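User: I'm new to this one. Can you walk me through it?
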Amino acid sequence: MGASPPRVADVVNADATLIGRKAWSDPGLYELEKKGIFGKSWLFLAHETQIPNPGDFVQAYMCETPIIVARGRDGGIHANVNSCVHRGLPVCRADHGNAKSFVCPYHSWSYSVEGKLQSIPQERHVEGRTDKSKLSLKAVPRVETWHGMIFGSFDPEIEPLEQYLGDQRWYLDAFFERFENGIEFVGSPQRWVLNANWKLPMENQLGDVNHGPFLHAAVIPPEANAEVFDHGYSCVAQPGHGATFRLMPEDAPLESVAWGFEGMASLLSPEIHEYLRELQMKAEERVGPIRARMKGLTYGVYPNLSFLWSNTAFKVSHPRGPGKVEYWSWSVVPSDAPEEYKRILRGNHTAFFGPGGLLEQEDSEAWTQQYLGSAIDFADDRPYFYGLGVGEEKPHPDLPGLVSVTANEFYARNFYLRWRDALMAVEEG
Amino acid sequence: MSDDFRASLELQHEIEQWYYREARLLDGREYQKWLALCAPEIRYVVPGRGNPLVDNALRGTEEMISVERELEERDGDRLPIRDETLPYLMLRVERAFKPNSWSENPPARTRRLVGNVEITGTEGETFSVVSAFHLHWTRPGSATFLYAGQRRDVLARAEGGSAGDLRIVRREVILDMADIEYPTLGLFF
Ligand code: FES
Ligand SMILES: [Fe+2]
């Protein structure tokens with residue numbers, strides 16, 4: 001059925017300044033993405049604070065594959081494909097909870113939270129014995145954590161997670177390391193489905209802060225944009241990852257640099273002001289002089305995890321075919337923040353982002369329309385232009401990777417070059 | 001929620017009329033007028049709606065399958081879809097009148113039907129009201145969507161206000177979709 005996919009080298013040109021529309025809409029390329037990207041990368045699953053106790057579990061996805069992430073009786077983290085080895089039904093239907101075992105609805109085979117097959121009720125009526133040790137749920141072959149962030153990979157040979165994240169850790173640590181007692185994920189993610197391709201939400205967070213003053217002009221005040229133009233950086237530690245932030249001047253007033261005040265100062269009680277000021281005063285000691293002045297915007301971790309610093313959300317873009325994405329968004333708060341402030345942070349996430357978000361309303365409109373544009377006929381000779389700022393990215397004395405102004409689209413070119421390599425590797429078999 | 005409260009016909013009539021007017025303002029995109037119906041201390045909440053594990057200990061009870069167990073906001077440490085105060089609602093209203101709020105340009109066409117209006121309690125001039133709504137939504141070039149849900153409101157008569165002069169002090173919107181395959185939940189439900 002259907003035509004064979006276009007050749008990857010014809011879709012993304014050699015420096016990724018031109019990218020054909022089929023990259024977002026071709027079902028054949030999507031199959032290559034599954035194998036070359038989602039089968040070969042570290043994919044974000046959940047955060048340890050969501051499953052503190054033995055038996056706790058949450059659902060996750062690796063591309064379209066449903067995963068149960070559970071805290072085992074042994075205290076370890078187990079990620080298994082949520083599909084019975086008997087006839088394939090999901091053995092767990094809840095989003096989250098605490099379970100002693102997972103019992104499949106069809107014939108009641110039961111599995112431990114670690115994924116081991118424990119009982120086959122029909123077995124007592126037959127003479128032969130079944131070797132249950134070979135019938136566990138399919139385990140995700142590699143699971144590793146960093147700062148409580150749980151990742152899984154279907155590639156048993158993949159490099160260690162920390163190596164995969166590389167210098168992107170330096171940028172992420174500017175957030176994680178700021179909080180003495182770490183962070184926690186608030187409940188379950190918001191999850192919603194859009195008729196868009198998974199890569200555009202990802203690209204948006206990887207470094208596209210330049211749509212802000214335009215697409216979001218109805219909501220984002222011009223002063224906020226001025227700060228991005230004056231102090232904004234886009235950094236690529238490794239192709240496929242990206243980080244954008246403002247590096248505030250050394251003499252900037254504390255409240256304009258400190259994490260947590262942005263856009264909300266007037267909503268915060270004196271007690272919260274105090275908490276945030278103290279956090280900032282300790283920042284230099286905790287993350288060093290450069291990162292203490294960093295005011296993050298958006299981050300991306302290849303292939304589909306992003307972090308929205310300004311509204312403290314982690315997001316994952318789960319593909320559901322070329323034209324559909326299930327977007328997940330978790331609210332994140334410092335564990336030791338006053339309760340009142342946790343609620344405010346949560347509200348600052350949901351009012352602007354997620355399915356009811358004021359800002360994300362515009363983004364999801366744009367992503368949906370981009371997919372329509374990518375799926376039209378008779379425009380394949382007009383690939384999208386990704387050439388802004390070619391070659392203008394440079395090393396920086398204080399910042400790892402290559403660095404540029406935010407209008408340089410090198411973060412996206414790097415992502416699509418990695419995408420190109422990954423798909424061509426599958427193409428060549 | 002008390003099941004034995006009986007509102008007077010007069011009060012029932014007043015509140016129903018108030019809801020019809022509210023729906024007309026929203027469907028007519030008269031959002032400034034709608035905003036004037038919100039009390040300064042309004043809390044506007046849309047809980048998330050998850051799929052929790054069935055609790056075997058509750059088997060056979062109504063609690064086992066209760067709607068409340070599905071609401072992801074109640075215990076304060078979970079994530080709602082929205083949890084807003086007046087400044088956020090003002091921002092939403094302000095945005096609606098800007099030509100560059102692209103997801104509303106052209107704006108959606110909506111029609112709300114509000115029904116099953118049940119006054120569940122009063123305290124002085126404050127009324128607890130539960131109602132149901134169907135909200136038909138469409139935009140040019142887009143499919144049409146039907147939002148269904150329940151509103152749990154606390155309405156208060158404005159200080160010295162006459163009949164029909166009510167303000168929303170609290171609104172909790174329980175949405176009935178199982179998966180969110182809608183363009184936005186950023187509406188005024
Ligand atoms: S399909 Fe799971 S027990 Fe038969
Ligand atoms: Fe955006």
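User: How many positive and negative side chains does chain A have?
Analyst: This is a predicted model. In it, chain A carries 40 positive and 56 negative side chains. The centres of those two sets lie 8 Å apart.

User: And what are the charges in chain B?
Analyst: Chain B has 25 positive and 32 negative charges. Their mean positions are 7 Å apart.

User: Back to chain A. How many helices and strands are there?
Analyst: Chain A has 13 helices and 21 strands. Its radius of gyration is 23 Å, close to the 22 Å that the globule rule gives for 429 residues, so chain A is as compact as a globular protein of that length.

User: What box does it fill?
Analyst: The C-alpha atoms of chain A fill roughly 80 × 60 × 35 Å, taken along the principal axes.

User: What share of chain A is buried?
Analyst: Buried residues make up 60% of the 429. The chain exposes about 17000 Å². Carbon and sulfur atoms supply 53% of that area.

User: Now aromatics. How many pairs does the structure hold?
Analyst: There are 47 aromatic pairs over all chains. One of them joins Trp24(A) and Tyr386(A). That pair is stacked, with 6.2 Å centre to centre and 10 degrees between the planes.

User: Where do Trp24(A) and Tyr386(A) lie in chain A?
Analyst: Trp24(A) lies in helix α2, residues 22–25. Tyr386(A) is in the loop between β20 (384–385) and β21 (402–404). The pair therefore ties together parts that are 362 residues apart in sequence.

User: Are they buried or exposed?
Analyst: Both Trp24(A) and Tyr386(A) are buried. Another pair is Phe175(A) with Phe179(A), and this one is edge-to-face. The ring centres of Phe175(A) and Phe179(A) are 5.0 Å apart, with 75 degrees between the planes. Both of these Phe residues are buried too.

User: Switching to the backbone. Which peptide bond in chain A is cis?
Analyst: The bond from Tyr302(A) to Pro303(A) is cis, with omega near 0 degrees. Pro303(A) sits in the loop between β16 (294–301) and β17 (305–308). Most peptide bonds are trans.

User: Which one is cis in chain B?
Analyst: The bond from Asn105(B) to Pro106(B) is cis, again with omega near 0 degrees. Pro106(B) lies in the loop between α3 (86–96) and β5 (109–123) of chain B.

User: Which residue has a positive phi of about 65 degrees?
Analyst: Ser108(A) does, although it is not a glycine. Most residues other than glycine have a negative phi. Ser108(A) belongs to the loop between β7 (101–103) and β8 (110–112) of chain A. At 34% relative accessibility, Ser108(A) is partly exposed.

User: And which has one of about 50 degrees?
Analyst: That is His147(A), also not a glycine. The loop between β10 (142–146) and β11 (149–153) of chain A holds His147(A). His147(A) is partly exposed, with a relative accessible area of 29%.

User: What about Asn225(A), where is it?
Analyst: Asn225(A) is in helix α8 of chain A, residues 222–231. Asn225(A) has a relative accessible area of 12%, so it counts as buried.

User: Which residues does Asn225(A) touch?
Analyst: Leaving out residues up to four places away in sequence, Asn225(A) touches Gly212(A), Pro213(A) and Ile220(A).

User: Let's finish with chain B. What is its secondary structure?
Analyst: Chain B has three helices and eight strands. From the N terminus on, the elements run α-α-β-β-β-β-α-β-β-β-β. The radius of gyration of chain B is 18 Å, close to the 16 Å that the globule rule gives for 189 residues, so chain B is as compact as a globular protein of that length.

User: What are its span and surface?
Analyst: The C-alpha trace of chain B spans about 55 × 45 × 25 Å along its principal axes. The accessible surface of chain B comes to about 9600 Å², and 52% of that belongs to carbon and sulfur atoms.

User: What share of chain B is buried?
Analyst: Buried residues make up 48% of the 189 residues in chain B. Among contacts in chain B between residues at least 6 apart in sequence, 63% join residues at least 24 apart.

How values were computed: Residues numbered from 1 in each chain as written. Chains lettered and ligands numbered in written order. Predicted model: local features only at pLDDT ≥ 70, side-chain atom pairs only at ≥ 80, totals over all residues. Heavy atoms only, no water. Helix = DSSP H or I, 4+ residues; strand = E, 2+ residues; numbered from the N terminus. Rg over C-alpha atoms; globule rule 2.2 N^0.38 Å. Buried < 20%, exposed > 50% of the residue type's maximum accessible area, 1.4 Å probe, protein only. Areas by Shrake-Rupley, 256 points an atom, 1.4 Å probe, with all protein chains shown as cover. Lys, Arg positive; Asp, Glu negative; His and termini not counted. Charge placed at Lys NZ, Arg CZ, Asp CG, Glu CD. Phe/Tyr/Trp six-rings, centres within 6.5 Å; stacked < 30°, edge-to-face > 60°. Contact = heavy atoms within 4.5 Å.
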